[in-house]
Amino acid sequence: MNLSDDAHGLAHVLRETILAMVRRDGADLSARQLAVLLTVYLTEGPHTVRGLAAELRVSKPAITRALDRLGELDFARRKTDPLDRRSVIVQQTAAGQTFLKELRANMAAAARSEPANRASGAAAAA
């Protein structure tokens, strides 16, 4: 498999995953909100607004807006850092863990369907 095939397959998985997520009941996440959520859940913490802004290379207000939305959905929680009361630590939640589990399941289903779609697309092109 070459890089072009890999890119096609990854684009398919991304599309199918996003379609599954927007078709489900519940709120949609923007790309920025999803990036913040994935960073909080998939990289080692503790995470702060300042640290997330630096890691994602966006402004602190952009991170704050994303966290506001994630907080509304109970996907993330902010807590004052007990060691530095000027700093806020971003914490995971059970609802966020559930969302991530659903996202992973959708990605796995999309990855399993990709070879069949590639084969049918190749047959149609022939």
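Colleague: Which exposed residues does the face of H3 turned away from its buried side carry?

Modeller: In this predicted model, that face of H3 carries Arg50 and Ala54. Each is called exposed because its relative accessible area is over 50%.

Colleague: What makes Val49, Leu52 and Ala53 the buried residues of helix H3?

Modeller: Buried means under 20% relative accessible area, and in H3 (residues 49–56) the residues that count as buried are Val49, Leu52 and Ala53. They span an arc of only 100° around the axis, so they sit on the same side of H3.

Colleague: What do the buried residues of H3 pack against?

Modeller: They pack against H2, H4, strand S1 (47–48) and strand S3 (88–92). Just after H3, Arg57 has a positive phi of about 60°.

Colleague: Why are H2 and H4 called roughly perpendicular?

Modeller: Their axes cross at roughly 80°. Angles of 65 to 115 degrees count as roughly perpendicular, and H2 and H4 are therefore given that name. The two axes come within 9 Å.

Colleague: Which residues make the contact of H2 with H4?

Modeller: From H2 come Arg32, Gln33, Val36 and Leu37, and from H4 come Ala62, Ile63, Arg65, Ala66, Leu67, Arg69 and Leu70. Seven of the contact residues are nonpolar, one is polar and three are charged.

Colleague: Why is Gln33 called buried?

Modeller: Its relative accessible area is 13%, and the cut-off for buried is under 20%, so Gln33 counts as buried. Gln33 belongs to helix H2. Leaving aside residues up to four places away in sequence, Gln33 touches Asp28, Ala66, Arg69 and Leu70.

Colleague: What makes Arg69 and Glu72 a salt bridge?

Modeller: Their side chains meet at 3.0 Å, N to O. The limit is 4 Å between a side-chain nitrogen of Lys or Arg and a carboxyl oxygen of Asp or Glu, so the pair qualifies. Arg69 and Glu72 are three residues apart in helix H4 (residues 60–72), which separates them by about one helical turn.

Colleague: Are Arg69 and Glu72 exposed or partly exposed?

Modeller: Arg69 has 25% relative accessibility and counts as partly exposed. Glu72 has a relative accessible area of 60% and is exposed. Exposed means over 50%, and partly exposed lies between that value and the 20% limit for buried.

Colleague: How do you know that Arg24 and Glu102 form a salt bridge?

Modeller: The N to O distance for their side chains is 3.5 Å, which lies within the 4 Å limit. Arg24 is in the loop between helix H1 (3–23) and helix H2 (31–42), and Glu102 is in helix H5 (residues 94–125), so the pair ties together parts 78 residues apart in sequence. Glu102, at a relative accessible area of 31%, is partly exposed.

Colleague: How many salt bridges does a search of the whole structure find?

Modeller: The search finds five.

Colleague: What does the secondary structure of the chain come to?

Modeller: The chain has five helices and three strands, and along the sequence they follow the pattern α-α-β-α-α-β-β-α. Of its 126 residues, 29% count as buried.

Note on methods. Residues are numbered from 1 along each chain as its sequence is written. This is a predicted model: local features need pLDDT of at least 70, side-chain atom pairs count only at pLDDT 80 or more; totals for chains, interfaces and linings use all residues. Side-chain values use heavy atoms; hydrogens and water are left out. Helices (H or I, at least four residues) and strands (E, at least two) are DSSP runs, numbered from the N terminus. Buried means under 20% relative accessible area, exposed over 50%, partly exposed in between (1.4 Å probe, protein chains only). Axes are lines fitted to C-alpha atoms, for helices over the stretch in contact, and angles run from 0 to 180 degrees between N-to-C directions. Angles under 35 degrees count as roughly parallel, over 145 as roughly antiparallel, 65 to 115 as roughly perpendicular and the rest as oblique. Contact means heavy atoms within 4.5 Å. Ala, Val, Leu, Ile, Met, Phe, Trp, Tyr, Cys and Pro count as nonpolar, Asp, Glu, Lys and Arg as charged, and the others, Gly among them, as polar. The arc is that of the directions from the helix axis to the C-beta atoms.
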